[in-house]
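Biologist: Please put the chain on screen. Then let us go through it step by step.

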Amino acid sequence: MSLIQVFMLFGIICLLYQMREHLRRLRKLQNEIKELKHLITGAPPSETSKEN
C-alpha cells in the first residue's frame with residue numbers, strides 16, 4: 001500500500017465515523033422531538049408519530 005492509499009483509507013474511515021456521530025445526534029434529536037410532542041399534546045408518543 002502506498003502512502004497516498006493509507007491517507008485515503010484513513011480519510012474514509014474518519015468520514016464514516018463522523019457520519020455515524022451525526023446519525024446518532026439526529027436520532028437523539030428525533031427522540032427529544034417525540035417527547036416534546038407528547039408533552040405538548042398529551043397524547044401517547046405512538047399517536048403523535050402516526051400524524052407524521
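Modeller: A definition comes before the count: helices are DSSP runs of H or I with at least four residues, and strands are runs of E with at least two. Keep in mind that this is a predicted model.

Biologist: What span does H1 reach from its first C-alpha to its last?

Modeller: H1 covers residues 3–41. That makes 39 residues, and at 1.5 Å a residue the expected value is 57 Å. The model comes close to this, with a span of 57 Å.

Biologist: Which residue just after H1 takes a positive phi?

Modeller: H1 ends at residue 41. Just after it, the phi angle is positive, at about 80°. The residue is Gly42.

Biologist: What share of the chain's residues is buried?

Modeller: Buried means under 20% relative accessible area. The chain has 52 residues. It exposes about 5000 Å², and carbon and sulfur atoms supply 67% of that area. The buried share of residues is 6%.

Biologist: Is Glu21 buried or exposed?

Modeller: The relative accessibility of Glu21 is 14%. The cut-off for burial is under 20%, so Glu21 counts as buried.

Biologist: What is the N to O distance between Arg24 and Glu21?

Modeller: Both residues lie in helix H1, three residues apart, about one turn of the helix. Arg24 is partly exposed, with a relative accessible area of 40%. Their side chains meet in a salt bridge at 2.9 Å.

Biologist: Which residues are linked in a network of salt bridges?

Modeller: The count comes to two salt bridges. The network links Arg20, Glu21 and Arg24.

Biologist: What area does the nonpolar surface patch have?

Modeller: Patch residues need over 30% relative accessible area. Val6, in helix H1, is partly exposed at 39%, so it passes that cut-off. The patch also includes Met1, Leu3, Phe7, Leu9 and Ile13. Its area is about 670 Å².

Notes:
Residues numbered from 1 in each chain as written. Predicted model: local features only at pLDDT ≥ 70, side-chain atom pairs only at ≥ 80, totals over all residues. Heavy atoms only, no water. Patch = residues over 30% accessible without salt bridge, like charges linked within 9 Å, V, L, I, M, F, W, Y side chains within 5 Å. Areas by Shrake-Rupley, 256 points an atom, 1.4 Å probe, with all protein chains shown as cover. Salt bridge = Lys/Arg side-chain N within 4 Å of Asp/Glu carboxyl O. Buried < 20%, exposed > 50% of the residue type's maximum accessible area, 1.4 Å probe, protein only. Expected span 1.5 Å × (residues − 1).
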